[in-house]
Structure formats: C-alpha cells, structure tokens
Amino acid sequence: MAKQYQGPVRIKDIANKAGVSTGTVDRVLHGRGKVSSENERKVKEAIAVLEYEPNIVARSLAMNSNFKIAVLLPNYKKDSFWLSQLEGIERAMDYIKDFGFSIKVFDFDDLTHGDLLKHCDEIFRADYNAVLMAPTVRDDAHIFLDKCCEEEIPYLLVNTNLLRDDDYYIGYVGQNSYQSGKLAAKLLSLMTIEKGSLAIFHMEKEVENREHMLQKEKGFKSFFLEKEIEPESIFTERIPKIFSKKKLKKNVKNILLDNKNLKGIFVTTSRIHFLIQALEELERTDIMAVGFDLIDENVKALYSYERMILINQRPDLQGYTGLISLFNFLLKKKNVKQEHHLPLDVITKENVSTYLQS
C-alpha cells in the first residue's frame, strides 16, 4: 500500500488515523493492557498505512543523534516564494525535531553576486551534518558546493537543480524546469486563438546565472519545435528593474509598441504579478499571461486579470520534502531519489479557491 503520510510517524499520528487514543496505540504497540479487537484492528491498519517504524526513536537515541542542518535560501524576508519554501521547511522541523534534528537558516541576496558566499566561514566552522540549499545563483552555488565536498558535507538541492558529479550530492527536490517551460508553451498555445508573437520575460538581472530560468526558456521553445506549431515569432526579454513601478511600466510599454501583434507572455518566475500590474495600468488586458506560483500577490492578480494562468511549483512542498529527505538520509540511512520532481498544478481563477483551502 502506498504511503500516505509525508513525515516521520508519531504515536499521535497513528491515533488520529485510527480514531483512538494515544494510550490505546501504546498498548497495541507494546502488548500491554486490554484493547478491544476492533480498536486493535484499527491501530494495526493505521500502522500499515502510515508505515510506522517503531524502532526509529530507539535508533536516534542509540546514535545519540544531534543532526545539524544548514539551510540556505535567497531573499525569504522580501520574496513570498521563498517565505513559502521556508514555511514548508519549518513544518517539516515540527516532525523531526524530536529525533535530534536542528536547523539554522541562512539567507542571501541572489541579486548580488557573491552574497551567498558570505556564509562559508560560519557554516564550515560549525560542523553541520548536511546542507539544504536553493542554488539560484549558479556560479556562486558551484563554489559553495565544491567547498562542501572538500569538507565532506552532503547536500540536497531544492527548486534549482545543478549538474553535479560528486559523492556528496544527495539529490534534488523541485519542479522539472524544462517540462514546466513546455507546459507554459502549451497553455499559451491553447489560450491564443489568433496567430501572433509570444514573449518570454525573465524578470531578473542575471539570467545567464539562473539555471532554472534558462531551462524553462529551452522547454518553452522546444514545445513549438516538436509540435511544428509556429507563432509569428518567439522573443526573449530581460526585465531587471521590476521594483520601480514607473520604470517597469515604461519598459513593458516600449516592448508592446515594438511588438504590435504580441498575443502572449510567459514569465519564468513567480513575479508575474509585477507584469499584470503594468498591463492593467497600460489597459492591455488583451495579452495572455502565464507565470508561476500561488503566492498572495499572484492570487490577487489572478482574480483581477482574466487572461492569466499560474503554474504552481509548490515551494512549501519543496522545502518540506527536502528536509524530510535529509531526515531519511541521515537517520534512517535511506537512499534519496536523485531527482524528485514535484507535480505542476495548473491554476486558474475558477479553481484557485480549492488550492487555497487545501
């Protein structure tokens, strides 16, 4: 039976699943005291469904475990996407803290080259057992991860995968960026009935150093090559100045003036809400738009802009699954899937409330 529970299973999880008290679960597990046959059946079924491992606490105690994990995330104090990733990590910590695990979160500005590396001295002096990292700045990330290999510290990547060939790379959790680009292309091809131009907007300063964005662009273009569907043109724009409302609006306006037959725009990050605001102010709500992630700003844009679709990469689940994977690797000695690609949800105004409730 497929496991339905995503964290290390506790006594109270079994009790909730079985609909009995924790005392009843304890009596069934240790064979002491009287339990009705019906409750015993419920507990055993819950144990099977949740794949409970009764010796895991004993194992952590026997190892005298004290696992320290360094978490490196960009800009989570300013960016809702990364804040959601951190919330998933903290939710996972609620499950694994009783097994001797602790984390320390290090944030860095991925708009500033080299800012990630400022944490090297502290991390490599503190004797961490593993690193959980979003390697959004490729060059800096490779320097940092090479140092992890020198210090013999295993690492797991989230959101952005890098091609690494070393003994300390545990795995990757996140979207398949190439496939997400193809999905965006298919959505825009279905949304744009009239033939016209399509644009890829990288709303970032250093695109060439953002592997996940480059993969999305490749996937987007490959869809049209494989399907032999030819828009009038596909062009790519880099739009770094997104935090200045005035400059962004002017930039978008000039792109629209230069491309009169533009029908759809693909934004390769969660920053599509900046574009939507500019389009609304320019009264260009005829443009189809596809972007990423169910953050608050994008939900508001989804409700206000009719021709918009989101692809949800579940940053919260990325963070959660990443930390649980390290738990499995360090304590349970389980091999982690090298590439754990999470589902890509297609979100519209009509179904967004369902996702928000869940």
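1. Strand β6 (residues 197-202) pairs with strand β7 (residues 233-238) in the parallel sense over six bridges, where two strands pair if DSSP finds at least two bridges between them. Within this pairing, Leu198 stands opposite Ile234 of β7. β6 is also joined by five bridges to strand β8 (residues 262-267), again running parallel, and there Ala199 has Ile265 as its bridge partner. Helices (H or I, at least four residues) and strands (E, at least two) are DSSP runs, numbered from the N terminus.

2. This is a predicted model, in which local features need pLDDT of at least 70 and side-chain atom pairs count only at pLDDT 80 or more, while totals for chains, interfaces and linings use all residues. Residues are numbered from 1 along each chain as its sequence is written, and side-chain values use heavy atoms, with hydrogens and water left out.

3. Six of the six residues of β6 are buried, where buried means under 20% relative accessible area, exposed over 50%, and partly exposed in between (1.4 Å probe, protein chains only). In a regular strand the side chains alternate between the two faces of the sheet. In β6 both faces are covered, with Ser197, Ala199 and Phe201 buried on one side and Leu198, Ile200 and His202 buried on the other.

4. Helix α9 (residues 211-227) has 17 residues and reaches 25 Å from its first C-alpha to its last, close to the 24 Å expected, the expected span being 1.5 Å times one less than the number of residues. Its buried residues, among them Met213, Phe220, Phe223 and Phe224 but also Glu211, Lys216 and Glu217, pack against α7 (138-150), α8 (177-191), β6, β7, β8 and β9 (288-292).

5. The axes of helix α5 (residues 80-96) and α13 come within 6 Å and cross at roughly 35°, and the crossing is right-handed. Axes here are lines fitted to C-alpha atoms, for helices over the stretch in contact, and angles run from 0 to 180 degrees between N-to-C directions. The contact (heavy atoms within 4.5 Å) includes Phe81, Ile89 and Met93 of α5 and Tyr320, Leu323 and Phe327 of α13. By class, this contact has eleven nonpolar, five polar and two charged residues, with Ala, Val, Leu, Ile, Met, Phe, Trp, Tyr, Cys and Pro counted as nonpolar, Asp, Glu, Lys and Arg as charged, and the others, Gly among them, as polar.

6. Ser325 has its place in helix α13 (residues 315-330) and counts as buried because its relative accessibility is 9%. Leaving aside its neighbours within four places in sequence, Ser325 is in contact with Leu156, Val173 and Val336.

7. For helix α1 (residues 11-18) and helix α3 (residues 37-50), the axes come within 9 Å and cross at roughly 115°. Asp13, Ile14, Lys17 and Ala18 of α1 meet Lys42, Val43, Ala46, Ile47, Val49 and Leu50 of α3, and this contact divides into seven nonpolar, no polar and three charged residues.

8. Two backbone values deserve a check. Asn75, in the loop between β1 (67-74) and α5, has a positive phi of about 50° although it is not a glycine, and at 13% relative accessibility Asn75 counts as buried. Asn159, in the loop between β4 (155-158) and β5 (169-174), likewise has a positive phi, of about 70°, without being a glycine, and Asn159 is buried, with a relative accessible area of 3%.

Methods. Left-handed = near helix turned anticlockwise from the far one by under 90°.
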